[in-house]
Amino acid sequence: MPFSATDTAHMQRALELAKATLGLASPNPQVGCVLAHDNVLVGEGAHRYDLRDHAEVVALKQAGEQARGATAYVTLEPCSHFGRTGPCANALIEAGVARVIAATLDPNPLVAGQGMSRIANAGIIAEDGLLQTEARVMNDAYARHILTGMPLVTLKSALSVDGRLAPLPVQRAANAPFWLTGTAAREEVHRFRHANDAILTGVGTVLADDPILSDRSNLQRRRRLMRVVLDTQCRMPLNSRLVESANDDLLIFCAPTAAFDRQRALRARGVRVEPMPLLTPEERASSTTPASPQRAQGRKPELDLRAILKRLGEMDMLSVLLEAGPGLNASLLNAGLVDKVVLFFAEVELGAGSIPFADDANNPFALIEQLQNIDRCDFVHDATGGARGMDACVRGTLHDPWAENFTLTPLPVA
């Protein structure tokens, strides 16, 4: 049966509840639930990881006996397995709801349709697909992680209008950030940082800019943003802002051959240091794009990026924001490990002699042509001296995280 305007309104409210848990639900998905009798709302809730209860249970506790005969609107299919809590499908059945509408089925192989099948087998109307697109976008990182064991990777760069990252080091202040975009765009970047579990960069960016890579959105989060640096030979300066601010939130991946005294010195300052496998240029080229074998010539072994992302996934990092230089940008793009792209363009031209976004095969304008679900927005740029301009933001998707091995295994409906 088609969904009514009332159904849509209640699901929109459930999505609002889920959205408010950004930074508070990971490594679990963001989920909201509304219980209602027609237009009368009797219970609502959302999942916060530290409070344990899933959204459905929060709403059921609020509704009490009024849950009987109600419709449950849930942004993600109720779970059907035991984890930190019992199955939410069972809780809804026991509460006596008359109907359950899920925005989307759960990609988790332990659920994947079984929650809704269990509800239907109990004689309860079970439907899904209402505002599915909105619900899935909210949990793209969860889908990527549950299906592949790896986090969703979003590449973020601030660029000049001609697609360059920054002037050459000799043309700007040493060991200091170079700002292309204005305050409004940079505030948006911090909201992106808040939406991710980790931020990833290379040691080259650290040596050039001495960034701190923190979440300064002033929004609540349940665990610190993990700052991750790829540093093959452990060249991270001990007096860098990253090291000096380390508080169980700085992780360096290095080569097994990196100097042990450097590793010890970093660990002594509270930095987590983990050696990771190296790939030869030939091994790296064989796992990337067809044109990349030529790039292997004259290159040294590099850290295994897929192994690093797998390791972050093991640490329950569902999402990673890549803020890096041209080398790491190109490596992750060539390996097919970037899922989403966010590009900010300032109204300034840097010229061909400046630092590129990546290699020629991955110039930002060609990358934009590959994006799906493109969204564009502008931010006012207040420049020094009162001049005003605009910073443009273009974002889109390279890979649908729900498409990879998402198969349904529903129970038969009696």
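Predicted model: local features only at pLDDT ≥ 70, side-chain atom pairs only at ≥ 80, totals over all residues.
In what sense do strand β1 and strand β3 pair, and over how many bridges? Strand β1 (residues 32–37) and β3 pair in the antiparallel sense, over 4 bridges. Strands here are DSSP runs of E with at least two residues, helices are runs of H or I with at least four, and both are numbered from the N terminus; two strands pair if DSSP finds at least two bridges between them.

Residues are numbered from 1 along each chain as its sequence is written, and side-chain values use heavy atoms, with hydrogens and water left out.

Let us return to β3, which covers residues 71–74. With strand β4 (residues 99–102), β3 runs parallel, joined by 4 bridges. Val-74 stands opposite Cys-33 and also opposite Ala-102 in β4.

Which way do the side chains point? In a regular strand they alternate between the two faces of the sheet. In β3, Thr-71 and Tyr-73 point one way, Ala-72 and Val-74 the other, and all are buried, that is, under 20% relative accessible area with a 1.4 Å probe, counting protein chains only.

Finally, the whole chain. Buried residues make up 53% of its 414 residues. The chain contains 14 helices and 18 strands. Its C-alpha trace spans about 70 × 50 × 40 Å along the principal axes.

Methods:
Buried < 20%, exposed > 50% of the residue type's maximum accessible area, 1.4 Å probe, protein only.
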